Amino acid sequence: MKKPNFWQSLLLENPLFIQYLGVCAVLGVTTSLDNALGMSVIVLLVLLCSNVLISLLRKLIPNEVRIPVFIVVIATFVSIAEMLVKAYAPILYDNMGSFISLVVVNCIILGRAEACASKSNIADSAKDALVQGLGYAIAQFSMSIIRSFFGNGGWSLSNPFTGNQIFELTILPESLRLGFFTKAMGGFLTFGILAAIFTGYKNRWDDARKEELRQERIKAALKLKAEREAAKAAKLAEEKAKEEAEAAKNAANTAEAAA
Amino acid sequence: MNYLSLFLNTVLIDNVILVHFFGFCPLLGVTNKKKSASGMGLAVIFVIVGSSAITWSLYRYILRPLHLEYLELVTFILVIASFVQFIEMFLKRFVPALYKSLGIFLPLITTNCAVLYATMQNISKGYGFTATMVNALGISVGFFFVVYVFATLRERLNNKKLYRSFQGNPIALIIAALMALAFSGLAGLV
């Protein structure tokens, strides 16, 4: 059966639109590209660090208290990230507000710790963190591109460390902008529609795989049937040959008796 | 009166889910049935009020005098996780009926961002103890309210035929969008 390649798996196992993990933070920060970029980087780094550390410690952590231990590990990395952002990118810190601290309870990080890092070796955990983190980043950018376009009329991106604008593109005039896209309602609406698109893609993929599997089964069944028929034919031919041989023997016997 | 307006404000206008998006993950997960939604809501009220009281006192009487404010996040999440664990054990031992009805929702609350948000907001807004309790109650009642209404809407949708891509969570998100629109009409009430 065909396996999804790297890019397809980003879409098919997307942490946000397929697994619905880490929803709260995404809805809150995707009002602008700046925040989406900041959040993606923070989540990716925290996910990577916590996955690697938990994978290193997985044999030491007793099973009963694993969740509190995971949470403390994650909270430590999030605190470090929060302090770094506060020190080096104060503008980003002000814009994102409490969402940075709430990365602690982002279900993606705890979910990957539970599902992957606590069971696999370091290399696998790191790779898993990268795939999930990138999938999350893609989801955030697609959300913020749509919301920023309708809500702010275009896109702008600025350097998070200095606050200088890198580029700005305005397409929609003021009168055509829909302010609710940067509010809660626009967030839910954009998310719902994008989730439906991703689900549609996944459904198509699953259907194609199912069809492939069915075709394979049919092929296998046909092959089996052909084999059986061949075996039957061979058996028949053998029996016939035997009969002939017997007939020939009988003929020889009668000839001998006659003689 | 001041506390009443704070309460109404956190329940209706600054609603934790529909305005701040906190606590949305469990909303998608458990609101297929009214019964599980109310179980989740009750558990959240319990945990938010309890852990708010604990974290507020910890911050006021231990972290601040010792100048350990930077440990806020780690301490709070640890308090929440252990509080949830403690409640789970307590209920299992003494109130098994309630424990059974809450079931899986209790451990899930640790990762409910609404709880962490409530405890941190109490500190960052500089509330006193009474205001903290009112705020915590308001946030959790707002959560309960939205979860319950959401579940009743979703229960009806479960039996309807929908375009396949929209089935399940995508349509739930669009309902949430409409609910957020309805709630935004309440702005300016208090």
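How many C-beta neighbours does Glu13(A) have inside 10 Å, and does that count as buried, exposed or partly exposed? Glu13(A) counts as partly exposed because it has 15 C-beta neighbours inside 10 Å, whereas a buried residue needs 20 or more. The model described here is predicted.

**Around Glu13(A)**

Glu13(A) sits in the loop between helix 1 (6-12) and helix 2 of chain A. Leaving aside neighbours within four places in sequence, its contacts are Ile18(A) and Gly135(A). Leu48(A) lies 35 residues from Glu13(A) along the chain. Their C-alpha atoms are separated by 18 Å.

**Two loop residues with positive phi**

Tyr20(A) is also found in the loop between helix 1 and helix 2 of chain A. Its phi is near 55°, a positive value in a residue other than glycine. Chain B has a case to set beside it. Phe21(B) is found in the loop between helix 1 (2-13) and helix 2 of chain B. Phi of Phe21(B) is near 65°, again positive in a residue other than glycine. Most residues other than glycine have a negative phi.

Are Tyr20(A) and Phe21(B) buried or exposed? Tyr20(A) counts as buried because it has 21 C-beta neighbours inside 10 Å. Phe21(B) is buried because 29 other C-beta atoms lie within 10 Å.

**Where the chains meet**

On chain A, 32 residues are in contact with 33 residues of chain B. Four helices of chain A each supply at least two residues to the side that touches chain B: helix 2 (23-29), helix 4 (66-88), helix 6 (107-117) and helix 8 (184-258). Helix 8 of chain A gives the most, with twelve residues. By type, the residues on this side of chain A are 22 nonpolar, ten polar and no charged.

Not counting residues up to four places away in sequence, Ile67(A) touches Ala81(B) and Thr110(B). On the same terms, Ile71(A) touches Leu110(A), Ile77(B), Ala81(B) and Thr110(B).

Ile67(A) is partly exposed because 19 other C-beta atoms lie within 10 Å, and burial takes 20 or more. Ile71(A) is buried because it has 24.

| Pair | Residues apart along the chain | C-alpha separation |
|---|---|---|
| Glu13(A) and Leu48(A) | 35 residues | 18 Å |
| Ile67(A) and Leu110(A) | 43 residues | 8.2 Å |
| Ile71(A) and Lys225(A) | 154 residues | 57 Å |

**Helix 6 and helix 7 of chain A**

Which residues of helix 6 of chain A are buried? They are Cys107(A), Ile108(A), Ile109(A), Leu110(A), Arg112(A), Ala113(A) and Ala117(A). Their cover includes helix 3 (33-57), helix 4 and helix 7 of chain A, together with helix 2 (24-30) of chain B.

Helix 7 (residues 122-152) of chain A crosses helix 6 of chain A at roughly 150°. The two axes come within 11 Å. The crossing is right-handed. From helix 6 of chain A, Ile108(A), Arg112(A), Cys116(A) and Ala117(A) take part in the contact. From helix 7 of chain A, they meet Ser125(A), Asp128(A), Ala129(A), Gln132(A) and Tyr136(A). This contact divides into five nonpolar, two polar and two charged residues.

Helix 7 of chain A has 31 residues and reaches 42 Å from its first C-alpha to its last. That is close to the 45 Å expected at 1.5 Å a residue. Just after helix 7 of chain A comes Gly153(A), with a positive phi of about 85°.

**The nonpolar core**

In soluble globular proteins, nonpolar side chains tend to be buried together. Here the largest nonpolar core has 103 residues. Those with the most contacts inside this core are Val46(A), Ile74(A), Val104(A), Phe188(A), Ala114(B) and Leu116(B). Helix 8 (residues 129-157) of chain B gives the most to this core, with eleven residues.

What does Phe188(A) contact, leaving aside its neighbours within four places in sequence? Phe188(A) is in contact with Leu27(A) in chain A, and with Leu173(B), Ala176(B), Ala177(B) and Ala180(B) in chain B.

Terms used:
Residues numbered from 1 in each chain as written. Chains lettered and ligands numbered in written order. Predicted model: local features only at pLDDT ≥ 70, side-chain atom pairs only at ≥ 80, totals over all residues. Contact = placed C-beta atoms within 7 Å. Nonpolar A, V, L, I, M, F, W, Y, C, P; charged D, E, K, R; others polar. Axes fitted to C-alpha atoms, helices over the stretch in contact; angles between N-to-C directions. Left-handed = near helix turned anticlockwise from the far one by under 90°. Expected span 1.5 Å × (residues − 1). Core = buried A, V, L, I, M, F, W, Y, C linked by C-beta atoms within 7 Å. Buried ≥ 20, exposed ≤ 12 C-beta atoms within 10 Å, placed from the backbone.
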